[in-house]
Amino acid sequence: MQKRHKDRQCYFNELANTSRSFYIDYVKQFISLSPSTHILEIGCGEGGNLLPFAELGCKVTGIDRAASRIHQAETFFTASGYKGEFTTTDFFNFSSASRYQLILIHDVIEHISNKEEFFRCLSPLLAKGGIIFWGFPSWQMPFGGHQQICHNRFVSSLPFIHLCPGIFYRFLLRCFHETPSCIEELSDIKRCRMTIDTFEQLAEKYGYEITDRQLWFINPHYQQKFHLRPRKLYPVLAQLKYIRNYFSTSCFYITRHRELHD
């Protein structure tokens, strides 16, 4: 486990910097960002992704099922001097009278077991003409199993181990003395994995038009984490089904619901 996973203020700042440097400009290509823009982030954690949108005057709302993360989001936003509304709730229990011009779903869908119900529940929250910004690591990429959260430094640096058969994967984690809660979390991610092809099939099935797709060879957030320059996947490689899953460290999508076009 990296130090940044324990220092949540640092984690918040890193997320805010990535959002400020990459997400804002990307989203602005498809929707205007102003004080009249209402934004919802599902699985907001400490709220770092939302801060740059609040800095632009947008109305930001974040939900997360972890009460500790929501408390941190409220604390960090108060310290920053910007307003945000944060609620502890499971997305499947969330209801809102508001409709959102932008919904952010970043590093979340790969943790959702009931993906079909998740897709079904999104459209009632979208305003007419609204968009959803998705970001997730492709399952087969070197650290698509989130093994970097392991406490053992060696095993947290091993690429592709999440692709091992489940029984062997759990055995390996136990050999490195990972805690039962960590092993369960990683096993759950293995069960809930998301690939590029699965995402696009679900989007089509539930009426979402893919307005844009960007596959990254070097995840934009790696600039904050590892001081690496972000790079998009080569266009030719991005068209190769299945193979591209092994090289896409982050997948960006903009989707619109066909029934909610202007």
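**Surface, fold and salt bridges**

Analyst: The protein exposes about 12,600 Å² of accessible area, and carbon and sulfur atoms supply 54% of it. Please keep in mind that this is a predicted model.

User: OK, and how many helices and strands does the protein have?
Analyst: There are nine helices and eight strands in the protein. The radius of gyration is 18 Å, close to the 18 Å that the globule rule gives for 262 residues, so the protein is as compact as a globular protein of that length. Along its principal axes, the C-alpha trace spans about 50 × 40 × 35 Å.

User: What share of the residues is buried?
Analyst: Buried residues account for 53% of the 262 residues.

User: Which residues make up the nonpolar patch on the surface?
Analyst: The patch is formed by Phe-160, Leu-163, Phe-217, Leu-240, Ile-243, Tyr-246 and Phe-247, which together have about 580 Å² of accessible area. One of these residues, Phe-217, lies in strand β6, which runs over residues 208–218, and Phe-217 counts as partly exposed because its relative accessibility is 40%.

User: Switching to salt bridges, how many does the structure hold?
Analyst: The structure holds 12 salt bridges. One of them is between the side chains of Arg-69 and Glu-46, at 3.4 Å from N to O. This pair links distant parts of the chain, with Arg-69 in helix α3 (residues 67–80) and Glu-46 in the loop between β1 (38–42) and α2 (51–55), 23 residues apart.

User: Are those two partners buried or exposed?
Analyst: They fall into separate classes: Arg-69 is partly exposed, with a relative accessible area of 25%, whereas Glu-46 is buried, with a relative accessible area of 2%.

User: And what does Arg-170 pair with?
Analyst: Arg-170 forms a salt bridge with Glu-184, and the closest N and O atoms are 3.8 Å apart. That pair also links distant parts of the chain, since Arg-170 is in helix α5 and Glu-184 in helix α6, 14 residues apart. Arg-170 is partly exposed at a relative accessible area of 30%, and Glu-184 counts as partly exposed at 37%.

User: Where does Glu-204 come in, and which residue is its partner?
Analyst: Glu-204 forms a salt bridge with Arg-258, and here the closest N and O atoms are 2.8 Å apart. Glu-204 is in helix α7 (residues 196–205), while Arg-258 is in the segment after β8, 54 residues apart, and the pair again links distant parts of the chain. Arg-258 counts as partly exposed, at 38% relative accessibility.

User: Which residues are joined into one salt-bridge network?
Analyst: Salt bridges that share partners join Arg-170, Glu-184, Asp-188 and Arg-191 into one network.

User: Back to α6, then: how many residues does it have, and which are buried?
Analyst: Helix α6 has 13 residues and reaches 18 Å from its first C-alpha to its last, close to the 18 Å expected at 1.5 Å a residue. Its buried residues are Cys-182, Ile-183, Leu-186, Ser-187, Ile-189, Lys-190 and Cys-192, and what covers them includes α4 (115–122) and α5.

User: Where is His-177, the one with a positive phi?
Analyst: His-177 sits in the loop between α5 (166–175) and α6 (180–192). Its phi is about 60°, although His-177 is not a glycine, and the residue is exposed, with a relative accessible area of 70%. Tyr-242 also has a positive phi without being a glycine, at a value near 70°. Tyr-242 is placed in the loop between α9 (235–238) and β8 (250–257), and Tyr-242 is exposed, with a relative accessible area of 58%.

User: Last one: what does Ala-127 touch?
Analyst: Leaving out residues up to four places away in sequence, Ala-127 touches Arg-99, Tyr-100, Gln-101 and Leu-260. Ala-127 is in strand β5 (residues 126–136), and it counts as buried because its relative accessible area is 10%, under the 20% cut-off.

Note on methods:
Residues are numbered from 1 along each chain as its sequence is written. This is a predicted model: local features need pLDDT of at least 70, side-chain atom pairs count only at pLDDT 80 or more; totals for chains, interfaces and linings use all residues. Side-chain values use heavy atoms; hydrogens and water are left out. Patches are made of residues with over 30% relative accessible area and no salt bridge: like charges are joined within 9 Å, nonpolar side chains (Val, Leu, Ile, Met, Phe, Trp, Tyr) within 5 Å. Accessible areas come from the Shrake-Rupley method with a 1.4 Å probe; for residues, only the protein chains shown count as cover. A salt bridge is a side-chain nitrogen of Lys or Arg within 4 Å of a carboxyl oxygen of Asp or Glu. Helices (H or I, at least four residues) and strands (E, at least two) are DSSP runs, numbered from the N terminus. Buried means under 20% relative accessible area, exposed over 50%, partly exposed in between (1.4 Å probe, protein chains only). The radius of gyration is taken over C-alpha atoms; the globule rule is 2.2 Å times the number of residues to the power 0.38. The expected span of a helix is 1.5 Å times one less than its number of residues. Contact means heavy atoms within 4.5 Å.
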